[in-house]
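Let's take a friendly walk through this model, from its overall build to a few individual residues. Please keep the sequence and the 3D view open as you read.

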Amino acid sequence: MHNTFTVEIPKLFSNELYRRVLISNNGITIEIPQIQNLVSTPSDELIAFRYGVKGIRGYAFTIGRHYFIEIKTARQDAITIKFSSYYGFRKKIYRKAWIDIVNKLWDYHFVNHYLSHYNRYKNGESFEFCGMTFQEGTISWDNKNILPYAQVGLGNYVNYFMVYHKENKSQQKSYNFRNDWNALALQSLLKTIVKEHQSAAGEITSDIHP
């Protein structure tokens, strides 16, 4: 994947450019035309991301949506891309731009976080990822909730996912894509592990929602 993917975000009430986002294997660049400024971050400094959509409440109903993507860098600062739609204006365009940015950040950069941790899992290493510890055929969190891989259940939803013990669902932990850094990479890793252990055991379950 060598090409640069470009997303152009127009202003809410005009066709003037609000932001231009360029994503490539080399990193990410955000162009801010109003102040003729470029914010560029190389790929080796992109360490985590999170994303979400939040409704804007009016007096009696939702009047719009805030779209945002945040990227944490190796310098521990955050790059924020955000834009808002009101009363349906730019709703489809902004949603598509938000989806495109999230997907391309994953494809060009953050899928590598999943792959590197999956390789560590396959090699039998112990490691910590997103507040979850992987070791000796188990996952655990909070130094007490320990689940064998074969007993890990997942509930996957649009805005979050849950990890739980199949035989004791009070043992559970949730991750929100809007609040938790690299939740998508963790979810992908857990999905793969669960699928492998289900295949080995010949299980079929409805607990995994595509």
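This is a predicted model: local features need pLDDT of at least 70, side-chain atom pairs count only at pLDDT 80 or more; totals for chains, interfaces and linings use all residues.

Residues are numbered from 1 along each chain as its sequence is written, and side-chain values use heavy atoms, with hydrogens and water left out.

Start with the overall view. The C-alpha trace of the protein spans about 55 × 45 × 30 Å along its principal axes. The protein has 2 helices and 14 strands; here helices (H or I, at least four residues) and strands (E, at least two) are DSSP runs, numbered from the N terminus. Of the 210 residues of the protein, 42% count as buried. Buried means under 20% relative accessible area, exposed means over 50%, and partly exposed lies in between, with a 1.4 Å probe and protein chains only.

Asn3 sits in the segment before strand 1 and is exposed, with a relative accessible area of 59%. Its C-alpha atom is separated by 25 Å from that of Ala78, 75 residues apart from Asn3 along the chain.

Strand 1 (residues 5–10) and strand 2 (residues 17–24) run antiparallel and are joined by 6 bridges; two strands pair if DSSP finds at least two bridges between them. Within this pairing, Glu8 has Arg20 of strand 2 as its bridge partner.

Another hairpin is made by strand 3 and strand 4, with 4 residues between them. Strand 3 (residues 27–32) pairs with strand 4 (residues 37–42) in the antiparallel sense over 6 bridges. Gly27 has Pro42 in strand 4 as its bridge partner. In the turn of this hairpin, Gln36 has a positive phi of about 50 degrees.

Next, turn to the charged side chains. In general, side chains of opposite charge can pair when their charged atoms come close. The structure holds 10 salt bridges, a salt bridge being a side-chain nitrogen of Lys or Arg within 4 Å of a carboxyl oxygen of Asp or Glu.

Which residue forms a salt bridge with Glu70? The partner is Arg50, and the closest N and O atoms are 2.7 Å apart. Glu70 lies in strand 6 (residues 62–73) and Arg50 in strand 5 (residues 46–57), so the pair ties together parts that are 20 residues apart in sequence. Both Glu70 and Arg50 are buried.

Two further pairs are worth a look. Asp77 forms a salt bridge with Arg75, with the closest N and O atoms 3.7 Å apart; Asp77 is partly exposed at 34% relative accessibility, while Arg75 is exposed at 51%. Glu125 forms a salt bridge with Arg120, with the closest N and O atoms 3.0 Å apart. Here Glu125 is partly exposed at 34% relative accessibility, and Arg120 is partly exposed at 31%.

On the surface, Arg65, Lys91, Lys92 and Arg95 gather in a patch of positive charge. Such patches are made of residues with over 30% relative accessible area and no salt bridge, like charges being joined within 9 Å. Helix 1 (residues 91–122) gives the largest share of the patch, 3 residues. Arg95 lies in this helix and is partly exposed, with a relative accessible area of 42%.

Finally, visit two loops with backbone angles to check. Cys130, in the loop between strand 8 (127–129) and strand 9 (132–135), has a positive phi of about 55 degrees although it is not a glycine. Glu136 lies in the loop between strand 9 and strand 10 (138–141). Glu136 is not a glycine either, yet it has a positive phi of about 45 degrees, and it counts as exposed at 74% relative accessibility.

How values were computed
Patches are made of residues with over 30% relative accessible area and no salt bridge: like charges are joined within 9 Å, nonpolar side chains (Val, Leu, Ile, Met, Phe, Trp, Tyr) within 5 Å. Accessible areas come from the Shrake-Rupley method with a 1.4 Å probe; for residues, only the protein chains shown count as cover. Lys and Arg count as positive and Asp and Glu as negative; His and the chain ends are not counted. The place of a charge is taken as NZ of Lys, CZ of Arg, CG of Asp or CD of Glu.
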